Amino acid sequence: MLSKLGFLLLFACIACVLLFLTFAGRSLSSQVPKAYLVPLQVTHEIPSRSSGDVRIISEPESCNSTFLTWIVTSYAGDPSARSALRRAYADEELQALGIRRIFLLGTLNSDAERRTRVSQAALADESRRFGDVLQGDFQDTYRNLTLKHLMGLRWATENCKYVRYIMKMDDDIVVNLYEIVEKIRSGITEKNSLTGYILKNMIPVREPANKWYVSKTEYAGNVYPDFVSGWLYITDPSVASRLINRADSSPEYFWIDDVFVTGILRQALNIKIQNISELYTTDYRYLECCIKGRQNLLKCEFSIGPNGGNVELQVKFKEFANFCRTNCSARTESNLVGKTCVATYKEPKLHNGAVQISHIQIL
């Protein structure tokens, strides 16, 4: 009988201890700040309105450029485009030009990691190796392009204190950086403006099957305000700061980044836009024709264009541009690439972030 009573008393004591620990645990958890209760890496399909709310996962240590900060929007799951740009324009050469290049990335969910075979650990390693990755804690999707764009502008204005210009570019765009630098130094840009390929009277895509589909709820208007293409544009830190501040204080938000940043926000701030569309081609085959012109020591009238899905075109065009800096002469009106290039039609393969621009005819 005594043994049975002792067993019951022991059982009761254990139950009391368990109840005490349960209630104490609940009490303590209610006092822990919420920031410590969520997982370290959180991705957001629907972003917060302000890029200032974005948690930065990794960022470059410094920005000591004096001339230009080059921010490049890049899909986290495609390191090949970043590799091509690094091989085309190495850090040593950029430093000599007074340029700091930064790649803008989001995060990949488990499905995207499996599909692209790019893990967060690989992205962290890339950031450590090259020191040029700015990664925000949001999912790397079309719908978060605006967050990525504003994140880059914000970092450039806050960290590159002595830089004179900011150039934003997509990583699937081929560029003759030497020509762009020369044009900037010669005064092609005006202060307090955005300089690039101006797009006017662009109509929202209302076809639900299209990846650029925009509902009336997202954008009620029938025509977008004039904007400059996100392929590549140039501005200065003061304009970038105004755009960021407007984005932070405005209730407006739109996911197509160049329309929102260089169109909607720009229009609200009455910032001028300058057109340098003569430097752009919308077809990568013109750039290939330019490269062939090297054998005749002829320069290319185009400095910017898409890579057509071939990241190595960036490297080849840079080599051509570097050679022609001192060895080639300008083309005459009669033998411009735009008039003499002959190519068979190929389906364009522009990837993430490509801006829709009207195609021009290939002869």
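Modeller: We'll take the sheet, then the helices, then the spaces. This is a predicted model, so local features need pLDDT of at least 70 and side-chain atom pairs count only at pLDDT 80 or more, while totals for chains, interfaces and linings use all residues. Residues are numbered from 1 along each chain as its sequence is written, and side-chain values use heavy atoms, leaving out hydrogens and water.

Colleague: Let's start with the sheet. What is the order of its strands?

Modeller: First, the terms: strands (E, at least two residues) and helices (H or I, at least four) are DSSP runs numbered from the N terminus, and two strands pair if DSSP finds at least two bridges between them. Here, an open sheet of eight strands has the order 1-4-3-2-5-8-7-9, and the pairing is mixed. Strand 1 (56–58) and strand 9 (272–275) are the edges, each pairing on one side only. From one strand to the next, the twist averages 30°.

Colleague: How many bridges join strand 7 to strand 8?

Modeller: Four, and strand 7 (residues 193–199) runs antiparallel to strand 8 (residues 227–235). To find your place there, look for isoleucine 198, which stands opposite valine 228 in strand 8.

Colleague: Which strands does helix 6 lie across?

Modeller: Contact means heavy atoms within 4.5 Å. Axes are lines fitted to C-alpha atoms, for helices over the stretch in contact, and angles run from 0 to 180 degrees between N-to-C directions. Helix 6 (residues 145–159) lies across strands 1, 2 (68–73), 3 (99–107), 4 (133–139), 5 (165–170) and 8, and runs at about 140° to strand 4. Helix 7 (residues 177–185) lies across strands 2, 3, 5 and 8, at about 145° to strand 5.

Colleague: And how do I read one helix against another?

Modeller: Two packed helices are described by the angle between their axes and the distance between the axes. For helix 8 (residues 237–249) and helix 9 (residues 257–269), the axes come within 10 Å and cross at roughly 90°. That makes the two helices roughly perpendicular, the word used for 65 to 115 degrees; under 35 is roughly parallel, over 145 roughly antiparallel and the rest oblique. Helix 8 brings Arg242, Leu243, Arg246 and Ala247 to the contact, and helix 9 brings residues including Phe260, Val261 and Leu265. The contact residues divide into seven nonpolar, no polar and three charged. In that count, Ala, Val, Leu, Ile, Met, Phe, Trp, Tyr, Cys and Pro are nonpolar, Asp, Glu, Lys and Arg are charged, and the others, Gly among them, are polar.

Colleague: At what angle do helix 2 and helix 5 cross?

Modeller: Roughly 10°, with axes that come within 13 Å, so helix 2 is roughly parallel to helix 5. Pro79, Arg82 and Arg86 in helix 2 meet Leu123, Glu126 and Phe130 in helix 5.

Colleague: Now the spaces. What is the volume of the largest pocket?

Modeller: On a 1 Å grid over the protein atoms alone, a cavity is a set of points where a 1.4 Å probe fits but cannot get out; a pocket is an open set with protein on both sides within 12 Å along at least five of seven lines, and lining residues have an atom within 4 Å of a point. Points are joined across faces, edges and corners, and a volume is the space filled by probe spheres set on them. The largest pocket holds about 370 Å³. Its lining has 17 residues, with Asn176, Glu179, Lys299, Cys300 and Ser303 nearest the centre.

Colleague: Which residues line the largest cavity?

Modeller: Ala81, Ala84, Leu85, Asp171, Asn307, Val311 and Gln314. Its volume is about 40 Å³, and helix 2 (residues 79–88) gives the most to the lining, with three residues.
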